[in-house]
Amino acid sequence: MSGSRKPQPSSYGPTAVSEVVSNTGPLIALAGIGRFSLLHDLFVTIHIPAAVFAEVQDETSRAALASANWLKLRTISSPLAVQILRDELDAGESEAIVLATELQAGLLLVDERAATAKARNRGLTTIGTLGVLLMAKEQGCLAAVKPAIDDLRRAGFHMSESLYHMVLASAGEE
């Protein structure tokens, strides 16, 4: 973020979203390219379930999570709901969807296609890592998305060529 400029409200910004829950993917992706702090620039607090915390194994992401006092570890109230989702999703995705439902979260950060579909079927609003980068640019926290997306690709983040160009076009960078 340049200077001390705070993000402006948007349809996803801190003033519009009461609760935000994250799955593992966006946390690891953004920490891996040195842009983890964008999450705090955009959201006052992000809640994560225990399974998401457990899935974060790399040193860089662990350090980012440990230093983020705005990231809140939460316990799931309904383990049965998690078990039902576990037939098709991993533990982190399942717990993130259940936690977002329990908190009536305004936004769930998730990248995986199957988890996104399940969450949306439950009425949850979702956004992935690329959406976070677009939001960060919209709110003035990021000058351009292309360098960050290129960093993601170099780090092994999978996206089709058409998605790459669609995101750049959405950002007005193509």
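This is a predicted model: local features need pLDDT of at least 70, side-chain atom pairs count only at pLDDT 80 or more; totals for chains, interfaces and linings use all residues.

Is His47 buried or exposed, and what is its relative accessible area?

A: His47 is buried, with a relative accessible area of 7%. Buried means under 20% relative accessible area, exposed means over 50%, and partly exposed lies in between (1.4 Å probe, protein chains only). Residues are numbered from 1 along each chain as its sequence is written, and side-chain values use heavy atoms, with hydrogens and water left out.

Now place the residue. His47 lies in strand E2, which spans residues 46-49. Strands (E, at least two residues) and helices (H or I, at least four) are DSSP runs, numbered from the N terminus. Look at which way the side chains point. His47 and Pro49 point one way from E2, while Ile46 and Ile48 point the other way. All four of these residues are buried.

Next, find the partner strand. E2 is joined by 4 bridges to strand E3 (residues 71-74), and the two run parallel. Two strands pair if DSSP finds at least two bridges between them. Across this pairing, His47 stands opposite Lys72 in E3. These two residues are 25 residues apart in sequence, yet 4.7 Å apart in space, C-alpha to C-alpha.

What else touches His47? Contact means heavy atoms within 4.5 Å. Leave aside neighbours within four places in sequence. Then His47 is in contact with Glu19, Val20, Val21, Ser22, Lys72, Arg74, Leu99 and Leu103. Lys72 is both the residue opposite His47 and one of its contacts.

Step back to the whole chain. The chain has 10 helices and 5 strands. Of its 174 residues, 48% are buried. Take the contacts with a separation of 6 or more: residues 24 or more positions apart account for 67% of them.

Axes here are lines fitted to C-alpha atoms, for helices over the stretch in contact, and angles run from 0 to 180 degrees between N-to-C directions. Angles under 35 degrees count as roughly parallel, over 145 as roughly antiparallel, 65 to 115 as roughly perpendicular, and the rest as oblique. On the H1 side, the contact is made by Gly25, Pro26, Ala29 and Leu30. H8 supplies Thr129, Val132 and Leu133. By class, the residues of this contact of H1 with H8 divide into 5 nonpolar, 2 polar and no charged. Ala, Val, Leu, Ile, Met, Phe, Trp, Tyr, Cys and Pro count as nonpolar, Asp, Glu, Lys and Arg as charged, and the others, Gly among them, as polar.

H1 also packs against H4 (residues 59-67), at an angle of about 105° with axes 9 Å apart. That makes H1 roughly perpendicular to H4. Here Leu27, Ile28 and Ala31 in H1 meet Thr60, Ser61, Ala64 and Leu65 in H4. This contact of H1 with H4 has 5 nonpolar, 2 polar and no charged residues.

Then comes Gln139, in the loop between H8 and H9. At 0% relative accessibility, Gln139 counts as buried. Gln139 and Leu42 are 97 residues apart in sequence but 8.0 Å apart in space, C-alpha to C-alpha.

Gln104 sits between helix H6 (91-103) and strand E4 (107-109). Gln104 is exposed, with a relative accessible area of 68%. Its phi is positive, about 55°, although Gln104 is not a glycine.

Finish with H9 (residues 146-154) and H10 (residues 161-170). They pack at an angle of about 160°, with axes 10 Å apart. H9 and H10 are therefore roughly antiparallel. The contact is made by Lys146, Ile149, Asp150 and Arg153 of H9 and Glu161, Tyr164, Val167 and Leu168 of H10. It has 4 nonpolar, no polar and 4 charged residues. Within H10, Leu168 is buried, with a relative accessible area of 2%. The C-alpha atoms of Leu168 and Ile149 are separated by 8.8 Å.
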